[in-house]
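Biologist: I am new to this one. Could you walk me through it and tell me what stands behind each term?

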Amino acid sequence: MSALRRPGTMLAFVFLAVLLLAAAWPSLFSATDPNSADIQQTLSPPSAEHWFGTDQNGRDLYARVIAGVRLSLLIGVAASALALVAGTVIGVLAAQGGRATNTVVNRLLDILLSIPGLLLVLLVIAVLGAGTWETILGVALITTPGYARVVRGEVIRIRGAVFLEAAATLGWSRPQIVLRHLVPNALGPVLVLATIGSGTAISIGSALSFLGLGPQAPTAEWGAMLSSSRDYFTVAWWPAIFPGLAITATVLAITVAGQFLQLRLEGRAPR
Amino acid sequence: MTSLVEVENLHVGFGKVHAVRGVSLRVAAGQSVAIVGESGSGKSVTARSLLGLAGRGSTVRADRLEIDGVDACGLPEGKWRRIRGRRVGFVLQDALVSLDPARTVGAEIGEVLRTHGTVPRADVDSRVVELLREVGVPEPEARAAQYPHQLSGGLRQRALIASAIAAGPALLIADEPTTALDVTVQAQILQLLAARKATGTALLLISHDLAVVSSVADHVLVMKDGVFVEQGPTRAVLENPQHPYTRQLLAAVPVAHARGTRLSPSAGENVAQPRPVIGTDVVLAANNLVKTFALPGHQSVKAVDDVSLELRASETLGVVGESGSGKTTVARLLLGLERPDQGTVSVDGAPWSASAAKEQRELRRRIQVVYQDPLSSFDPRYPVHRIVAEPLAVAGVPRAARRERVAELLGQVGLDADVLGRRPGQLSGGQRQRVAIARALAPRPRVIICDEPVSALDVSIQAQVLDLLADLQAQLGVSYVFISHHLGVIYHVSDRVLVMKDGRVVESGDVEQIFHHPSHEYTRALLAAVPTLDGLAVRPRQSSEVAG
Amino acid sequence: MSVTLAVAGSNRSAVRAAGFALLRRAGAALVVVWGAVTLTFVALHLIPGEIVDALIGTTRVSPEVRARIISDYSLDQPLLAQYLHYVGRLLQGDLGQSYSQGMPVSTLIGQQAGSTFALMGAGIGFALVTSVVVAVATANRPRWFRGPAVGVEVLSLAVPSFWLGILLLTVFSFQLHWFPAIGANGFNGLVLPAISLGLAPAAMLSQVLRQGLERVLEEPFVVTARARGVRPALVLMRHALRHAVLPVITLAGWLVGAFVSGAVVIESVFSRQGLGRLTSAAIGQRDFPTVSAIVLIAALVYIVVNLLIDVVYPLIDPRLREPAS
């Protein structure tokens with residue numbers, strides 16, 4: 001099944017390519033400095049000069065949205081990549097490590113999962129302070145247990161599969177079978193989860209900066225921009241709309257792309 | 001003779017696929033008709049069209065489609081529902097998945113009664129019990145309150161049949177009703193269906209198994225690629241087949257007189273299959289194997305109880321038994337996948353079961369396996385060339401040399417080089433099994449354990465694979481331990497046979513001896529239960545035996 | 001052995017086995033709760049700075065007052081002693097005194113909990129009802145019917161809940177004046193927050209449920225049911241729904257956590273009273289007893305939900321009921 005035959009998926013991949021470009025070379029998209037404030041033009045509506053209008057400090061909103069692309073993608077990708085690696089290691093340990101390791105790791109995962117995500121992140125931010133890398137660590141921390149669980153579940157499910165037994169009859173040793181056959185096949189679902197998860201990470205990251213706990217001002221972060229727009233939206237709708245649209249569009253594109261990958265993967269899933 | 005079912009020129013299509021291309025059939029009241037064909041022939045679709053359940057996205061048209069007097073051409077869904085269950089009953093294979101696992105057997109049967117209101121509400125429960133008794137379920141009151149997974153395979157299938165006949169339909173359609181069952185249970189279910197026929201219910205049986213068909217049907221229709229290639233009274237078609245496909249099908253069935261000949265069409269019919277001379281050296285030996293498994297609740301089951309066997313070079317040892325007989329566990333012990341609690345296995349004279357993992361791995365290349373479902377034995381990510389080359393990778397053969405050997409192996413199993421880059425999921429069942437055999441041959445083993453290698457294949461493909469295995473044995477001198485529940489196949493391939501029941505070997509010896517002069521009563525029961533092709537018996541019937 | 005005797009015997013051993021299983025779960029649950037509380041203790045004491053300074057805030061106090069605060073709250077004791085002290089009191093059911101508010105934590109939470117639970121309840125209710133209705137209505141339908149529903153679901157999952165809240169407020173509160181805007185109580189005040197909170201979970205539940213339904217509708221036992229002449233609606237309700245609901249129930253544990261997290265954000269957007277505000281303030285003030293009590297409650301809820309899942313599962317799928325088949 002080809003991506004080319006599904007317009008929605010095609011669109012999502014194209015949009016993601018555009019986003020990556022905007023993250024790497026923001027100047028391609030906007031020549032204005034996102035932090036330069038023009039006091040004469042605070043809260044002016046969208047116009048030819050300011051495509052998305054200006055915010056309460058007179059900064060060009062379009063430039064700030066573009067600047068936010070790099071930050072959001074960074075948070076999304078870094079957090080889910082971290083969680084993926086940590087989750088895989090923990091998940092494999094939890095499934096294969098022997099009775100004692102199994103119990104200990106499972107209890108630890110349960111403990112982490114029992115605390116609602118946002119509370120945990122709030123605690124982490126409180127300890128580490130607010131900022132970009134702290135956000136990444138916090139989001140990674142709350143998504144890791146979920147990934148670990150998925151990996152553990154897959155490993156347990158595949159453990160009894162015939163093709164692993166067949167590999168044993170060929171003469172591979174146990175560690176060789178785990179590395180060559182078990183882990184690569186167990187990774188499928190969690191890889192898809194991590195792809196879609198980078199969208200979720202962006203969402204959580206923007207929620208955090210909405211609460212004031214993410215990357216600090218004057219960094220252009222979409223959630224923070226939405227938060228400050230609250231004070232003004234009776235008079236200016238554009239600061240409340242465009243950053244939100246940006247978050248939605250980004251997460252949407254990542255999700256659609258991830259779901260397409262999932263369909264491709266299902267054709268190859270071990271029974 | 002009024003026809004219960006009159007179908008003329010039925011066409012069923014799914015988008016571009018034309019599954020049924022103009023079939024006509026007639027079923028008279030009280031008659032039993034069978035549609036025989038392999039997978040993809042369109043037999044199931046035909047049967048389901050008689051219920052308006054051809055499937056999603058199907059277009060059905062016919063010149064005539066009459067069911068129990070009702071004109072069903074272009075019938076709206078609401079009117080179909082009055083036919084389903086009430087005038088026509090439907091039985092699928094494998095009651096474990098064909099009955100709702102979350103509802104009791106009694107509720108499932110009762111659903112029919114309640115839907116059609118054939119019995120007043122208050123009497124539904126007692127009628128359910130009566131029906132269960134009618135189909136031969138012991139302790140029907142207790143069984144009605146149980147769930148499908150709590151019943152044995154045979155009882156489940158009886159319950160499924162009970163739900164199909166509950167509203168007293170004039171026609172019963174059964175789609176492979178015995179395929180998931182053991183031979184002895186299958187015989188009982190076929191008896192049940194024959195008994196229903198005696199009460200005046202017409203039967204339309206769909207099957208791939210000619211022997212099953214011959215024991216139940218009056219009239220048989222042979223289907224291939226959406227059309228009926230031959231039809232007629234059962235005896236006539238089976239004894240005197242006209243169409244080449246029918247003849248090919250019949251020739252492919254491993255029956256008694258076919259032993260020693262090729263099953264698949266090659267240079268004509270009844271071509272002899274050269275058998276190798278059996279060597280004297282013992283390539284595989286097992287002594288007094290015992291294996292016990294623990295069950296939850298502090299219980300245990302002895303899966304293998306004192307099993308011994310010997311296999312010589314170029315020999316085929318058949319292991320036959322029903323489910324629960326322990327034959328699969330024996331295979332796993334022979335392969336070293338489990339260690340026996342007692343007893344030893346030795347490969348080529350070298351100790352096998354007793355040695356440490358590392359030594360075992362060295363010997364692994366001498367004993368390989370072919371599974372029933374090849375697809376599940378392959379790493380889903382691997383294309384064919386990687387699968388076949390994997391044993392070479394284990395042995396440390398450098399990449400360049402592997403390609404040559406893989407090409408050689410593909411040639412040996414009769415596959416073209418163009419399958420190399422494909423994934424097993426894209427291949428047919430027969431091709432996949434050939435890939436599995438190629439992989440097994442790669443390390444030049446002495447023994448190949450074949451665990452139900454043809455049970456999941458169509459009859460004609462099965463014939464090809466069996467011939468291939470025989471050819472390979474003649475060429476390479478490899479020995480087989482051939483495990484199967486199908487007596488005909490075992491008779492065809494084996495030199496010696498082990499009959500297993502409940503973990504023990506009840507009888508063993510030369511295949512002709514065991515099949516013609518069985519000494520243990522279980523062996524006799526097994527042989528008696530096998531449905532025979534009329535006049536072409538799997539085993540010759542003695543005068544003292546009664547036809548099944 | 002007759003069936004009835006066998007059933008009775010296996011029932012007795014099944015009860016015994018279930019009893020042991022329950023004890024083991026209770027033990028694990030205790031470990032989890034203890035772990036959560038300990039984690040919170042460690043986290044709050046890792047926060048840079050002195051607790052007493054966080055409590056005092058920006059007011060200037062004399063050294064004597066400062067010393068008195070320290071001794072009042074036993075802040076000069078070694079950490080381990082403080083920890084054991086706290087756990088000891090917990091076991092007696094005493095949640096302690098809030099450092100910053102100077103009142104028993106239980107009272108503090110009691111004041112704020114009602115509003116949060118109301119919000120969560122409304123959100124969960126909205127999510128459940130919507131997802132079931134949409135999934136049942138769109139399962140196995142032709143593309144043109146299903147398509148829009150799937151599209152809306154994917155969109156709902158991408159929209160940040162706080163942005164949705166802002167949008168809803170703008171349109172329905174400020175422009176149309178249908179619903180009250182800020183800090184309102186009562187049913188009307190719950191509508192917009194409940195929708196903002198519940199829409200994304202509703203979309204996820206709907207997807208999972210629909211996929212489950214469509215998978216189940218392909219199963220042989222559904223074909224058998226249809227072959228009996230049962231109406232499609234009944235086939236869905238009686239046979240399919242029960243099996244499709246299982247993966248949804250598995251999600252319940254995760255879902256509760258997501259609702260709690262979501263509630264914190266939504267309370268901020270709609271300026272509602274509740275545990276969300278209380279928690280962020282308490283963390284900021286390093287008010288350990290309060291934060292710990294909230295974490296404790298959250299962990300307990302999570303455990304209870306998971307226990308309920310384990311109980312409900314065998315009720316729905318009889319195959320899971322017996323230890324041995």
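Modeller: B:V33 stands opposite B:L204, a residue in strand 9 of chain B. This is a predicted model, where local features need pLDDT of at least 70, side-chain atom pairs count only at pLDDT 80 or more, and totals for chains, interfaces and linings use all residues. Residues are numbered from 1 along each chain as its sequence is written, while chains are lettered from A and ligands numbered from 1 in the order in which they are written.

Biologist: How do you know that strand 3 and strand 9 of chain B pair?

Modeller: Two strands pair if DSSP finds at least two bridges between them. Strand 3 (residues 32-36) and strand 9 (residues 202-207) of chain B have 5 bridges, in the parallel sense, so they pair by that rule. Strands here are DSSP runs (E, at least two residues), and helices are runs of H or I with at least four, numbered from the N terminus.

Biologist: What makes strand 7 and strand 11 of chain B edge strands?

Modeller: The open sheet has 6 strands in the order 7-8-9-3-10-11, with mixed pairing. Strand 7 (88-91) and strand 11 (227-233) of chain B each have a single partner strand, so one side of each is left without a neighbour in the sheet.

Biologist: Why are chain C and chain B said to be in contact?

Modeller: Residues are in contact if their C-beta atoms, placed from the backbone, lie within 7 Å. By this rule 26 residues of chain C contact 27 residues of chain B. Helix 9 of chain C gives the most to its side, with 7 residues.

Terms used:
Two residues are in contact if their C-beta atoms, placed from the backbone, lie within 7 Å.
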